[in-house]
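Try each task before you read its solution.

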Amino acid sequence: MTLVPGPWQRAAAGARLLGGNGEVAPTIFAEMTALAARTDAINLGQGFPDEDGPAEVLDAARRAIAEGLNQYPPGRGTPDLLRAIAEHQQRFYGLAWDPGTEILVTAGATEALTATLLALLEPGDEVVVFEPFYDSYAAAIALAGARLVPVRLRWPAFQPDADELASAVTDRTRVILINDPHNPTGAMFSQDTRELVVRLAERHDAIIVTDEVYEHLAFGAEHSPVAAMPGARGRTVSISSAGKTFRTTGWKIGWLTAPSALVTAILTVKQYLTYANGSPFQPAIAAGLRLPDAFFTGLAEDMRAKAETLGRGLEAAGFAVSRPAATYFTVVDTRPLGFDDAASFCRALPARGGVAGVPLGAFVTEEHDGEFRSLVRFAACKRIDVLREAADRLAQLAGSTR
Ligand SMILES: *Cc1c(COP(=O)(O)O)cnc(C)c1O
C-alpha cells in the first residue's frame with residue numbers, strides 16, 4: 001500500500017512546517033530547547049515561564065479535582081467561566097458579551113484560532129497576516145485551503161506601513177488576522193493602525209480576528225482591543241488565553257468573544273476538534289480572571305522589569321536591541337556583532353555564549369526570509385536571577401566575538 005499524504009500533511013508542507021523528506025520536522029523551538037539542555041545553556045528560546053502562577057488559581061484547580069470535576073464540561077465552557085470571561089471583558093475593556101451566546105471556551109488560543117479560521121474560510125479566500133507571525137497561523141490557513149497575504153512589520157519599530165496594509169486588503173480578503181500585543185516582536189499597534197484595520201475591514205467586508213494572549217503584559221500604555229473600536233464589535237472575533245496571564249501554558253484554557261452568529265459557526269468546528277477540555281482548570285481560570293486589579297498591574301510591572309534586565313544584557317553584549325512595548329519577548333539584530341544569519345548564530349550561541357534564542361526566520365514566509373535574516377528573539381519570561389545570569393554570560397560574549 002502506498003501511503004499518500006493527507007490534507008493536513010500537504011497543508012503543513014505548503015506552510016513550511018515539514019522537513020524536505022515529508023517527515024514532521026522538529027520545530028526550531030524544540031531544536032533550541034534540546035540544544036540548550038545539551039550545552040547547559042539558559043533557554044531564552046521557547047516562551048514559557050519558569051515560575052508558577054498565582055496560588056489562588058493553582059489551589060482552585062486542586063480543589064476542583066478533589067471535588068470530582070473530572071468529566072466532560074459543557075462544550076461551550078462551564079457557565080461560571082463564561083460569566084467570568086464576560087466580567088473580565090467588561091471590567092478591563094467596557095465590552096458587554098452574553099455568556100450564553102457570545103463567548104466560547106477553547107483548548108487554548110490555538111484551538112480558538114484554528115476553529116475560527118476553519119469555520120470562516122473558503123478555499124481560495126485570503127487572510128491578511130502581519131509578518132512575522134505566530135507559527136500556527138500559517139498551518140491553520142493552509143489547512144483551510146486559504147492564502148496567507150503577509151504585511152511586514154519592519155525592524156526596529158515593527159509597525160505596519162499604512163499603504164502596504166491598505167493594498168494588501170482587497171475584496172478577496174475574508175479575514176484580517178491581528179496579534180496585538182505581538183509575538184515575536186513585543187510591539188503594540190498604534191491607535192491609527194487599529195483604526196485603519198477597522199476601516200479596511202468595513203470597506204471590503206472582512207472579519208477581524210484578534211489574538212490577544214498578551215493582553216495583560218503591556219509595559220506602559222494599556223492594551224486596547226480592536227473590538228472596542230467604533231464599528232468593530234459586529235465583525236470581530238477576539239481570542240485570548242489563560243496560559244500567558246496566569247503562567248499556566250500547559251493547561252490550554254483559551255476563549256473567544258464574538259457576535260453570536262460567528263460563535264455558532266466556530267462552535268460547529270470546535271465541537272469536533274476537541275469538543276471540550278480541562279474541566280478542573282475552568283473554575284481555576286474563572287478565579288484567576290476575577291483576581292483584583294493589583295494582580296494584573298503587578299504582572300505587567302514584573303514583566304517590564306524582566307524585559308529591561310534582559311535588554312540591558314543584550315545591549316552590553318553588543319546587539320542592536322528593539323524596545324518591546326509588551327509581551328515576553330525582545331528582538332535583537334546580530335549584525336553589529338558581525339553575523340547576518342540568525343539561524344546559524346542561534347545554533348552556535350548555546351555552546352559559545354551559554355544562552356539560547358530563536359531566529360525570526362521561524363515566524364516568516366519564505367519570500368520574506370531575507371528581510372528578517374539577522375534577527376533573533378529572546379524570551380524574558382524567566383526568574384530575574386536567571387535573566388541576570390543570562391545577561392552576564394552575554395556580556396562576556398561581547399569580549400570574545402571582537
Ligand atoms: C502562546 C501563544 C498562543 C497559544 O496560546 P495557547 O493558549 O497556549 O494555545 C497563541 N498566540 C500567540 C501569539 C502566542 O504567543
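**Exercise 1.** Which strand gives the most to the lining of the second largest cavity?

Solution. The model is predicted.
- Step 1: list the lining. Gln89, Glu212, Glu215, Ser238, Ile239, Ser240, Trp255 and Thr257 line the second largest cavity.
- Step 2: find the strands involved. Strand E7 (236-241) and strand E8 (254-257) each supply at least two residues of this lining.
- Step 3: pick the top contributor. E7 gives the most, with 3 residues.

**Exercise 2.** How many cavities of 30 Å³ or more does the structure hold, and what volume lies in the largest cavity?

Solution. 
- Step 1: apply the cut-off. The structure holds 4 cavities of 30 Å³ or more.
- Step 2: take the largest cavity. About 70 Å³ of space lies in it.

**Exercise 3.** Which helix supplies the largest share of the lining of the largest cavity, and how do the lining residues divide by type?

Solution. 
- Step 1: list the lining. Among the residues that line the largest cavity are Leu299, Asp302, Met303 and Lys306. Others in the lining include Pro49, Glu51, Arg247, Tyr328 and Cys381.
- Step 2: assign the share. Helix H12 (residues 293-316) supplies the largest share, 4 residues.
- Step 3: classify. The lining of the largest cavity has 6 nonpolar, no polar and 6 charged residues.

Methods:
Residues are numbered from 1 along each chain as its sequence is written. This is a predicted model: local features need pLDDT of at least 70, side-chain atom pairs count only at pLDDT 80 or more; totals for chains, interfaces and linings use all residues. Side-chain values use heavy atoms; hydrogens and water are left out. On a 1 Å grid over the protein atoms alone, a cavity is a set of points where a 1.4 Å probe fits but cannot get out, and a pocket is an open set with protein on both sides within 12 Å along at least five of seven lines; lining residues have an atom within 4 Å of a point. Grid points are joined across faces, edges and corners, and a volume is the space filled by probe spheres set on the points. Ala, Val, Leu, Ile, Met, Phe, Trp, Tyr, Cys and Pro count as nonpolar, Asp, Glu, Lys and Arg as charged, and the others, Gly among them, as polar.
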